[in-house]
Amino acid sequence: VQTFHTLGSGQANTVYLATFKDGSEYVFKPEVAGRKGIEPLTISIDYRPETQVAHLNVATAKAAEHFGLGDLMVKTTVGVLDGQYGTFMEKAPGETCSDFLKRVEKQPGRLTPKEIRHLPDADYSKVMGRLVRQTNRLEWVDMLTGQGDRHSRNYMVQVKTDLTVT
């Protein structure tokens with residue numbers, strides 16, 4: 001890792017953006033804080049004490065791949081950052097859903113929510129259909145794998161000017 005900084009914090013953990021020498025970016029989630037953060041949640045009631053959040057994250061990515069939904073999930077592995085064991089996840093394209101919905105400034109090759117609303121009807125329908133489809137597919141991955149921490153700051157959205165949606 002060449003550099004890292006805090007990316008954000010939630011109720012369960014603080015996550016970091018790690019940039020490697022080759023320019024690749026990964027989101028790092030420390031294990032200890034993550035494990036302590038999920039203990040009081042109902043979703044973890046059946047977890048054994050030795051269950052690792054890192055293993056759950058890797059298993060989610062592998063299960064999504066197995067079910068043909070791998071394009072929704074980033075590559076995930078485990079490792080150490082600044083002396084902490086945890087999960088490294090490729091940085092997904094786009095921005096959090098929460099940030100996407102608030103964005104007004106134009107970014108090269110991407111559409112803002114306002115630009116989407118003003119598309120011709122056929123193009124608007126394509127984009128909205130693709131957004132709904134991708135969100136529905138993500139919900140299925142979450143249900144199949146027991147993901148209980150999905151919220152508007154925990155998934156990424158990108159709508160390109162060619163109307164592709166990730």
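## Exercises on rings, surface and buried sites

Phe-28 and Phe-88 are both buried, a word that here stands for under 20% relative accessible area, with exposed meaning over 50% and partly exposed lying in between (1.4 Å probe, protein chains only). The model is predicted, so that local features need pLDDT of at least 70 and side-chain atom pairs count only at pLDDT 80 or more, while totals for chains, interfaces and linings use all residues. Residues are numbered from 1 along each chain as its sequence is written, and side-chain values use heavy atoms, with hydrogens and water left out.

**Exercise 1. Classify the ring pairs Phe-4 with Tyr-16 and Phe-28 with Phe-88, and place each pair in the chain.**

Step 1. A pair of aromatic rings is described by the distance of the centres and the angle of the planes. Rings of Phe, Tyr and Trp (its six-membered ring) pair if their centres lie within 6.5 Å, and planes under 30 degrees apart count as stacked, over 60 as edge-to-face and the rest as tilted. The count by this rule comes to 4 aromatic pairs.

Step 2. For Phe-4 and Tyr-16 the ring centres are 6.1 Å apart and the planes stand at 80°, so this pair is edge-to-face. Phe-4 belongs to strand β1 (residues 3-9) and Tyr-16 to strand β2 (residues 14-19), so the pair ties together parts that are 12 residues apart in sequence; strands (E, at least two residues) and helices (H or I, at least four) are DSSP runs, numbered from the N terminus. Phe-4 is partly exposed at a relative accessible area of 37%, whereas Tyr-16, at 18%, counts as buried.

Step 3. For Phe-28 and Phe-88 the centres lie 4.8 Å apart with the planes at 50°, so the pair is tilted. Since Phe-28 lies in strand β3 (residues 25-30) and Phe-88 in strand β5 (residues 84-90), the pair ties together parts that are 60 residues apart in sequence. Ring pairs also link Phe-20, Tyr-26, Phe-28 and Phe-88 into a cluster.

**Exercise 2. Describe the surroundings of Leu-111 and of Ser-98.**

Step 1. Leu-111 sits in the loop between α3 (97-102) and α4 (113-117), and with a relative accessible area of 8% this leucine is buried.

Step 2. Not counting residues up to four places away in sequence, Leu-111 touches Phe-100, Arg-103, Ile-116, Leu-119, Val-159, Lys-160, Thr-161 and Leu-163, where contact means heavy atoms within 4.5 Å.

Step 3. Leu-163, one of these partners, is found in the segment after β7 (156-157) and counts as buried at 11% relative accessibility. Although Leu-163 is not a glycine, its phi is positive, at about 75°.

Step 4. Ser-98, in helix α3, is buried with a relative accessible area of 14%, and once its neighbours within four places in sequence are left aside, Ser-98 is in contact with Ser-152 and Arg-153.

**Exercise 3. Is Asp-82 buried or exposed, and where does Asp-82 lie?**

Step 1. Asp-82 lies in the loop between β4 and β5.

Step 2. At 59% relative accessibility, Asp-82 counts as exposed, and its phi is positive, at about 50°, although Asp-82 is not a glycine.

**Exercise 4. Locate Phe-67 and give its accessibility class.**

Step 1. Phe-67 has its place in the loop between α2 (53-66) and β4 (76-81).

Step 2. Its relative accessibility of 47% means that Phe-67 counts as partly exposed.
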